[in-house]
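I opened the notebook to record what I looked up, starting with the conventions and then going to the aromatic side chains.

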Amino acid sequence: MRALPRSVHPGAWWLWALGLAAAASRTANPVLLVMILAVAGFVVTQRRDHAPWALAFRMYLVLGAVIVAMRVVFRIVFGGGQGDTVLFTLPEIPLPHWVAGVRLLGPVAAEQLLGGLYDGLRLATMVACVGAANALANPKRMLKALPGALHEIGTSVVVALSVAPQLVESVQRVRRARLLRGGTVRRGLRGTDALRGIVIPVLEDAMNRSLALAAAMASHGYGHTGRTAPRTRALTGALVITGLLGVCGGLYGVMGASTPGYLGTPLLLAGLALAGCGFVLGGRRVTRTTYRPDPWRGAEWLVTVAGLASAGLMYLASRTDATSLYPSLAPLAWPEVALLPAVAALVGVVPAWLAPGPPRQAVRP
Amino acid sequence: MTSPATARRRLPVLPIGARPAVVLTLASVAGLAMFFWPLFVAPTPEATAHTADAPLVFVLTMPVLLAVVLAEISSGGIDAKALAMLGVLSAINAGLRPLGAGTAGIETVFFLLVLAGRVFGPGFGFVLGCTSLFASALLTAGVGPWLPFQMIASGWVGLGAGLLPKRPTGRAEIAMLTAYGILVAYGFGFLMNMWFWPFTTGTDTQLSFVAGAPVLDNLHRFAVFTLVTSTWGWDTGRAVTNAVALVTLGPAVLAVLRRAARRAAFGAPVTITPAPPGAPREVPRALTTPPRGRP
C-alpha cells in the first residue's frame with residue numbers, strides 16, 4: 001500500500017535528522033559516517049518538494065566539505081608534528097614568542113591527518129543532517145507549531161517572512177520614481193546620495209506598511225489574550241527563575257573540576273526541566289486556534305522512530321563494542337564495520353520508501 | 001510638534017519589567033558561560049572524556065534558554081503596533097543580510113539593529129536582534145545549532161544599543177552610535193569565533209584550547225586563532241560597513257524611526273469598553289447563523 005502524497009509534519013523531519021546527527025556524533029568511523037551521509041542524502045532526494053528551501057542540502061554539503069578541509073589544513077599548518085608515520089616534511093617556520101610560541105608547518109604525520117579527517121567528517125555529517133532537516137521541513141509550517149508562549153514572537157517572524165518579498169517591489173518602485181524625476185541610480189562618487197535616496201523612502205514605506213498592518217490586526221481582534229490569575233503568574237516566574245538558577249549552577253558544575261558529579265549534568269537537566277515547565281505554564285495565557293493544523297499520524301511516528309532508532313542503536317553499539325566505532329590511529333589500521341553499528345547507520349533510510357511523498361505541484365488549468 | 005527631547009523621554013516599546021530583567025540576566029550569564037567554556041573548562045579525566053560532548057550539551061541548552069527569555073519578555077503581551085514594527089524591521093534586516101554575505105566582511109545586519117535599539121529601547125532591541133536572525137535563517141534555510149548562539153549574540157547587540165546613555169543628541173549621538181557599531185562588530189566576531197573555536201581546530205593542534213590551562217594562556221591561543229582566521233578580514237569589514245552606514249545614513253534613519261514611533265504612539269493605553277445595553281449589536285447576520293452542514 002502506498003501512502004497518499006502529503007507533506008509530513010516538519011517536527012518529525014527535525015526529530016529524524018537530529019536522531020541521525022546524534023548517531024553520527026557517537027562514531028568517528030569514516031565508513032559509518034559516509035553511510036549516514038548517504039542515508040540523509042537519499043532521503044532528501046526522495047522526499048523533498050519543489051520549494052526554494054529544498055535546494056539547501058547542497059549548500060550544507062559544501063559547508064561540510066569546508067569543515068573537513070579546515071580541520072586537515074589546521075592540522076598541517078599548526079599541527080606541531082605529533083605521530084610517528086611521517087609522510088613528508090615541510091619547512092618549519094618558528095613564530096616569535098608573543099604568538100604563543102607556535103611553530104608553523106614542519107613534519108606531517110599520517111595519524112595527524114587521519115585524525116583531522118575523521119573528526120572533520122563527523123562534524124560535517126552532523127551538519128549535513130541539519131541540512132537535510134532544512135531541506136525537508138517547511139519553515140512556515142514549523143512556525144505554526146511554535147508553543148503558545150512564543151505565539152507573539154512567532155507571529156512577528158511570520159510578518160517578517162511575508163513582508164520580505166514586498167520590500168523588493170518597494171525598492172523597484174522607489175528607483176522608478178527616482179528615474180522619472182531625473183535622478184540617478186548609478187553608483188560612483190554620488191553613490192551614497194543615491195543610496196540615501198533609496199534607503200530612506202523604502203524605510204518610510206515599510207514603516208507606513210507596519211502601521212497599516214497593525215491597524216488591520218487590531219481590527220481583527222489581535223492581542224485580545226486572556227487574563228492569567230496572579231497565582232499562575234507567580235508560579236510561572238518562580239519556576240523559570242529557579243530553573244535558570246539551576247542551569248547556571250549546572251553549567252558551573254559541568255566545567256568545574258572540584259564539583260561533585262551530581263552538581264553537573266543532572267542539575268543542568270533539572271534546571272532546564274523546571275524552566276521548561278514555567279515556559280509551558282506561561283503559554284497557557286495564549287488561547288488560539290490554528291487554521292489547517294498539521295496532523296501527527298502514523299507517517300510522522302514512522303519518520304521519528306527511524307531517526308531515533310538510529311541514535312539508540314548507535315548508543316547501544318557504543319556501550320557494547322566501542323572499538324569498532326573509533327578506528328585505531330596508533331597503530332594505524334583500516335576502519336572496520338561491525339553489524340550493529342551498520343544497522344544503526346542504515347535504519348534511518350526507511351522514510352525514503354515508507355513516508356508519504358511530497359504533494360505534487362498544483363496544476364493550473 | 002514634539003521636540004526631540006520629549007521624543008526621547010518616551011517609554012520604551014517593549015518595557016522589561018523586574019522579572020524579565022532577572023530572567024534575562026540569568027540567561028545572559030549562562031549564555032556567556034556557554035560561549036566562553038573553552039577558557040574555563042577543567043582538566044578532570046571525566047571532563048576530557050566528554051570534551052567532545054560538552055558543546056553538544058550546550059547546543060541543546062541554548063535554544064531552551066532563548067525560548068524562555070523570549071517568552072518572558074513577551075509575557076506582558078506585545079501590542080499589535082509593536083509586533084508589526086518588529087516584523088517589518090526584521091524583514092528589512094533579513095533582507096539586508098544576504099546583500100553583504102557574498103562580499104568579504106560586508107555585514108549590513110547590525111546597522112539598522114543598533115539604530116532601532118536606540119529608538120525603541122533595550123527590550124525591543126533584544127527581540128529584534130533575535131527575530132532578525134531567525135527570519136534570515138528561515139529565508140535562506142540556514143537553521144542549525146549555531147542559530148541560537150547567533151540570535152542571543154545579536155540580541156545583546158540590540159539590547160546594548162537601547163541601554164546607551166540617553167543624553168547625547170545630534171552629532172554626539174551619531175558619534176556614540178558609530179563607536180558602538182565598531183565595538184559590536186568586533187565583539188560579535190569575537191563571540192562567534194569563540195563558539196566556533198573548538199569545532200574548527202579540534203583538540204590537538206597548537207591553536208586548540210587546552211582544558212585546564214590558565215585562562216590567559218588559552219586566551220592567548222584564541223587571540224592568535226582569531227587573528228589568523230577572521231579579525232583582519234571579516235570583523236574589520238563588518239566594523240567599516242557599520243561605521244560608514246551609521247555616519248552616512250544614521251541621522252536620516254533615526255528621524256524616520258522616531259517619526260514612526262511618534263505616529264504609532266506606543267504606550268498609549270487602549271481601552272475596550274462594552275457597548276451600552278440599549279445599543280443595537282452590529283453583528284453581520286452571516287456570523288450569527290450557524291453554518292449549514294454541521295450539527
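I worked on a predicted model, where local features need pLDDT of at least 70, side-chain atom pairs count only at pLDDT 80 or more, and totals for chains, interfaces and linings use all residues. Residues are numbered from 1 along each chain as its sequence is written, chains are lettered from A and ligands numbered from 1 in the order in which they are written, and side-chain values use heavy atoms, with hydrogens and water left out.

I searched the whole structure and found 10 aromatic pairs over all chains (rings of Phe, Tyr and Trp, the last by its six-membered ring, with centres within 6.5 Å; planes under 30 degrees apart are stacked, over 60 edge-to-face, the rest tilted). F35(B) and F149(B) have ring centres 5.4 Å apart and planes at 85°, so I logged the pair as edge-to-face. This pair joins helix 2 (residues 18-35) and helix 9 (residues 146-163) of chain B across 114 residues (helices are DSSP runs of H or I, at least four residues, numbered from the N terminus).

I noted F35(B) as buried at 0% relative accessibility (buried means under 20% relative accessible area, with a 1.4 Å probe and protein chains only), and F149(B) is buried at 0% as well. The rings of F35(B) and W156(B) lie with centres 6.0 Å apart and planes at 55°, so this pair is tilted.

How values were computed
Helix = DSSP H or I, 4+ residues; strand = E, 2+ residues; numbered from the N terminus. Buried < 20%, exposed > 50% of the residue type's maximum accessible area, 1.4 Å probe, protein only.
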